[in-house]
Amino acid sequence: MNEGLKEFRWTGQTHCGRVRRNNEDAFLALMFDAQEVHYLGKEGEAPAEGHEFIFAVSDGMGGANAGEFASRSALQTMTDLISREFHQGSRDSREDREQRLREFFERAHQEVQNMGRHYLECRGMGATLSVGWFSGNTLLIGHVGDSRIYQIPAKGGMKQLTEDHTEAGRLRRNESITEREARKHPTRHLLERSIGAQPHPVEPQIATFPVSPGDQFVLCTDGIIDGVWDNGMEKYIRIPPPYLQDLPPAQRLVKEAMEASGRDNLTALVVETR
């Protein structure tokens with residue numbers, strides 16, 4: 001049995017990048033107790049006992065500012081629903097939380113679609129959504145799109161928990177192409193699943209993973225992935241070079257990705273368990 005978690009620490013950072021004028025990325029950090037939901041800042045720590053935590057990133061897409069509306073709408077819809085459930089005293093089993101998370105994704109999907117139907121400037125907009133819900137020694141993830149959630153276990157190594165919903169992502173999971181080839185694949189940014197942009201119901205990836213003290217988790221949009229290779233992700237979190245050591249973990253990833261690429265918006269959330 002895993003040792004119980006005592007504390008969560010987190011840092012978050014988002015940036016529009018070198019090229020784009022507006023930032024279509026967004027991130028969210030929430031803490032639950034028995035009575036209410038607390039918004040968390042971009043950096044902090046909190047005791048694990050008696051609380052649940054949600055961390056999420058979303059990358060919007062669409063013309064003008066539509067992508068910005070989509071990502072923020074997805075996160076706000078989920079927050080409103082969670083707040084309503086917890087204010088009603090809802091305390092769920094793991095199976096209930098999985099079903100509830102599916103419902104959150106579907107409602108966010110519907111809200112973004114509704115905006116597209118009612119506002120011309122929002123037609124065709126959509127968003128990725130990657131959610132990590134920590135409860136006890138368990139992480140429940142919900143995911144659509146090509147943003148990612150990584151786990152860096154306390155014992156070392158790193159693994160991507162989410163699946164990229166692109167053709168390049170499928171080919172890489174099947175080991176038909178390498179990470180380098182996936183980065184250059186012509187359809188690497190064409191999403192097969194997203195919030196709002198497709199007419200059919202959304203089908204999020206839902207999965208549960210055990211969590212141990214000392215584990216770290218990275219939630220990030222594709223702007224980070226464009227500039228940081230998988231083998232660099234753990235290095236910048238665990239053993240950063242001297243010029244990054246004074247920065248919080250999320251800022252390290254944003255800085256490195258900006259230097260290497262910066263063509264897209266960049267967002268990173270780094271969560272550490274203790």
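Helix 3 gives the most to the lining of the largest pocket, with four residues. Helices (H or I, at least four residues) and strands (E, at least two) are DSSP runs numbered from the N terminus. The model is predicted, so that local features need pLDDT of at least 70 and side-chain atom pairs count only at pLDDT 80 or more, while totals for chains, interfaces and linings use all residues. Residues are numbered from 1 along each chain as its sequence is written, and side-chain values use heavy atoms, with hydrogens and water left out.

The space in the largest pocket amounts to about 330 Å³. On a 1 Å grid over the protein atoms alone, a pocket is an open set of points with protein on both sides within 12 Å along at least five of seven lines, a cavity is a set where a 1.4 Å probe fits but cannot get out, and lining residues have an atom within 4 Å of a point. Of the 19 lining residues of the largest pocket, Arg148, Asp164, Arg172, Ala182 and Ile225 are the closest to its centre. Two or more residues each come from helix 3 (167-173), helix 4 (179-184) and helix 5 (222-227). The lining comprises three nonpolar, five polar and 11 charged residues.

Two cavities of 30 Å³ or more are present.

Helix 7 (residues 249-260) has 12 residues and reaches 17 Å from its first C-alpha to its last, close to the 16 Å expected at 1.5 Å a residue. Its buried residues (under 20% relative accessible area, 1.4 Å probe, protein chains only) are Pro249, Ala250, Arg252, Leu253, Val254, Glu256, Ala257 and Met258. Among the elements covering them are strand 1 (7-15), helix 6 (230-238) and strand 13 (266-273). Glycine 262, with a positive phi near 75°, follows helix 7.

A nonpolar core is a set of buried Ala, Val, Leu, Ile, Met, Phe, Trp, Tyr and Cys residues joined through side-chain atoms within 4.5 Å. In the largest core, of 30 residues, Ile54, Met78, Leu101, Phe105, Val131 and Ile195 touch the most other members. Helix 1 supplies the largest share of this core, seven residues. Methionine 78 touches (heavy atoms within 4.5 Å) Leu28, Ile54, Ala56, Phe104 and Val131, not counting residues up to four places away in sequence. A second, separate core has 23 residues, including Phe8, Ala29, Phe55 and Leu269.

How values were computed
Buried means under 20% relative accessible area, exposed over 50%, partly exposed in between (1.4 Å probe, protein chains only). Grid points are joined across faces, edges and corners, and a volume is the space filled by probe spheres set on the points. Ala, Val, Leu, Ile, Met, Phe, Trp, Tyr, Cys and Pro count as nonpolar, Asp, Glu, Lys and Arg as charged, and the others, Gly among them, as polar. The expected span of a helix is 1.5 Å times one less than its number of residues.
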